[in-house]
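Have the viewer open as you read.

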Amino acid sequence: MKMEHVGIMVNDMDESLAFYQNILGLELRKREWLNDTVELAFLFFPEQPSVEVELVYGGPVENEGIVNHLAFTVENIEAELVRFKEAGVKLVDEEPRSIFNDTVKIAFFKGPNGEKLELVER
């Protein structure tokens with residue numbers, strides 16, 4: 001078993017693609033219309049191409065599951081928070097929090113669709 005992808009419902013595909021590519025550094029693998037109402041985009045990190053973030057636009061969202069959050073590993077969480085703030089990203093945590101006996105730093109922020117995202121520095 002391994003992680004395949006995480007699907008996120010989006011309100012604006014172009015805005016979401018710009019955010020995930022320009023702010024988080026993912027690359028677009030594929031973008032296509034599944035049918036007349038649903039568009040899909042698959043993104044990945046070059047260093048980890050087997051795990052994808054799938055953006056889903058259109059179609060009914062009733063009774064869909066909710067992803068609590070999506071986490072991204074970083075090497076310098078403080079620098080990333082400064083960069084995000086300068087880019088206008090909505091930060092939930094202005095400063096990182098330490099967890100697990102100060103062995104991990106985390107900080108939450110919001111994506112363009114209100115999705116809860118997290119930075120993790122181990």
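**From loop to core**

Asp102 is exposed, with a relative accessible area of 63% (exposed means over 50%, buried under 20%, partly exposed in between, with a 1.4 Å probe and protein chains only). Before going further: this is a predicted model, where local features need pLDDT of at least 70 and side-chain atom pairs count only at pLDDT 80 or more, while totals for chains, interfaces and linings use all residues. Residues are numbered from 1 along each chain as its sequence is written, and side-chain values use heavy atoms, with hydrogens and water left out.

Back to Asp102, which sits in the loop between β6 and β7 (strands are DSSP runs of E, at least two residues; helices are runs of H or I, at least four; both are numbered from the N terminus). Asp102 has a positive phi of about 65 degrees despite not being a glycine. Asn101 lies in the loop between β6 and β7 (104–110) too, and Asn101 also has a positive phi, about 55 degrees, without being a glycine. With 77% relative accessibility, Asn101 counts as exposed.

Now look at Asp93, in the loop between α2 and β6 (97–99). Is Asp93 buried or exposed? Its relative accessibility is 13%, so Asp93 counts as buried. What does its side chain reach? It gets to the backbone nitrogen of Phe108 at 2.8 Å, and a polar contact of 3.2 Å links the side chains of Asp93 and Arg97 (a polar contact is a pair of N or O atoms within 3.5 Å; within protein, one must be able to donate a hydrogen and the other to accept it, and residues adjacent in sequence count only if both atoms are side-chain atoms).

On to the inside. In soluble globular proteins, nonpolar side chains tend to be buried together. Here the largest nonpolar core has 26 residues, and Tyr20, Leu24, Leu55 and Phe109 touch the most other members (such a core is a set of buried Ala, Val, Leu, Ile, Met, Phe, Trp, Tyr and Cys residues joined through side-chain atoms within 4.5 Å). Helix α1 gives this core its largest share, five residues. Pick out Leu24: leaving aside residues up to four places away in sequence, Leu24 touches Phe19, Phe45, Phe72, Phe84, Phe109 and Leu117 (contact means heavy atoms within 4.5 Å).
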